[in-house]
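User: I have a model open and want to learn how to read its features. Where should I start?

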Amino acid sequence: MRFPKGFLIGAATAAHQVEGNNIHSDYWAQEHMQFTSFNEPSGDACDHYHRFEEDIRLLAEAGLNAYRFSIEWARIEPQPGVFDENEIGHYRKVLLCCREHGVEPIVTMHHFTSPKWLIEQGGWEAEGTVEKFARYCRYVVEKLGDLMHYVCTINEANMGIQVAAIARRYTLLMQRKMKAEGQIQVGINLENPMMARMKQQAREHMQLFGTPQPQVFVAPRTPEGDLLVMKAHQAAKAAMKAVKPDLKIGITLSLHDIQPQPGGEAMAQKEWDEEFLHYLPYIREDDFFGLQNYTRTLMGPEGSLPVPEGAESTQMEYEFYPQALGHVIRTVHRSLPIPIMVTENGVAVADDERRVAFIEEALKGVQGCVEDGIPVLGYMYWSLLDNFEWQKGFSMTFGLVAVDRATQQRTPKGSLAFLGSFTR
Ligand code: BGC
């Protein structure tokens, strides 16, 4: 398998998932709640904040030529309007380290976590967030733009409406369940433990954020909030271009390879519209599109279908299906003919041989797209390190490099060298 000269092959991380001690962020606060939804707190994560040199060196020595990472807003602006020069200095070192190793940095300005104060001010449903995000992005580019070529404004901008859809399905299920219970337990005031927990969480949220339903980025998004995220992208793009006009700027979306099954065609179309098509007016003029894909969705007439009988599953419990990536690139290209950067694609498995197989199959798909003339700029595997998989904690192993969290020792897996071999 060969890729054109200049094709980027790299790995991705996100600040909160690897750096450690992101103490001014909304997630840090939520992880430490008494009634938290997190399996464990992020703590010092992979201590990438102090060990980034070793991590970038490992990546470069294996042959990878790009590194996608995020700058943490909560570090840069820990209090509203108060910017921390020392943290800018830190990310300057990270960017310089990439350059010294011949690695192209792809910088994400927002990857799920926000400063806690932003959420206290209404978070991702408040109009004011648009200007605040643009101000932060402009500041970063003023200070660090000389070392940056590629910037993703917002990671998986469509995550909020995906969460909203899950929340709707869940509420419906709960309502049905409670109705059924009500029929049997007449006159008994039995409190559902899940509901009780949610009430306790709401009380704690009130204390922490001044609202029972903090609008963190990965919270159920309203259609207005969804639009606000697009406005934030556009405002940030304009603010950064004003400082550095030739900066290549895009957004990233989480996309499934939606495959309609008999009778599921209309549902599949509706889902694709919600997941992707309705964003087109806001991203059409971008310099590139950040495509993120992990698996496929089989769509029946009532909605998504379970993983087929006998199919291989990943630790995340979705299907091991690397062919999805090539399919999604083709589908996206049909309605968005701008350059595509695969900003995430990966698999959580214990057996690294399966990761190698996944990468090989996914890259075959990418190569086919390139051969057919689709402008694909690069492929970033998720993730460089085994890291903090949000509410699921450290148990998911997506990494090309294993991390012993007791000693913070790094052990490259075979898949790291395998991925690196494609740049030669
Ligand atoms: C996110 C990552 C996450 C990965 C694996 C993506 O949705 O951008 O932060 O760790 O998927 O679940």
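Analyst: Start with the ligand shell. A residue is near a molecule if one of its heavy atoms lies within 4 Å of it. Here 13 residues surround the ligand, and the closest are Gln17, His111, Glu156, Glu344 and Glu389. Two cautions. This is a predicted model: local features need pLDDT of at least 70 and side-chain atom pairs pLDDT 80 or more, while totals for chains, interfaces and linings use all residues. Residues are numbered from 1 along each chain as its sequence is written, and side-chain values use heavy atoms, without hydrogens or water.

User: How do I tell a cavity from a pocket?

Analyst: Both are sets of points on a 1 Å grid over the protein atoms alone: in a cavity a 1.4 Å probe fits but cannot get out, while a pocket is open, with protein on both sides within 12 Å along at least five of seven lines. Lining residues have an atom within 4 Å of a point. Volume is the space filled by probe spheres set on the points, which are joined across faces, edges and corners. The count comes to 1 cavity of 30 Å³ or more. The largest cavity holds about 60 Å³. Its lining has 14 residues, with Glu19, His48, Phe69, Ser70 and Tyr91 nearest the centre. By class, 9 are nonpolar, 4 polar and 1 charged.

User: Which helix gives the most to the lining of the second largest pocket?

Analyst: Helices are DSSP runs (H or I, at least four residues), numbered from the N terminus. H8 gives the most, with 3 residues. Helix H8 (159-184) and helix H10 (223-243) each supply at least two. The pocket has a volume of about 200 Å³. Its lining includes Ile161, Arg168 and Asp226.

Technical notes: Ala, Val, Leu, Ile, Met, Phe, Trp, Tyr, Cys and Pro count as nonpolar, Asp, Glu, Lys and Arg as charged, and the others, Gly among them, as polar.
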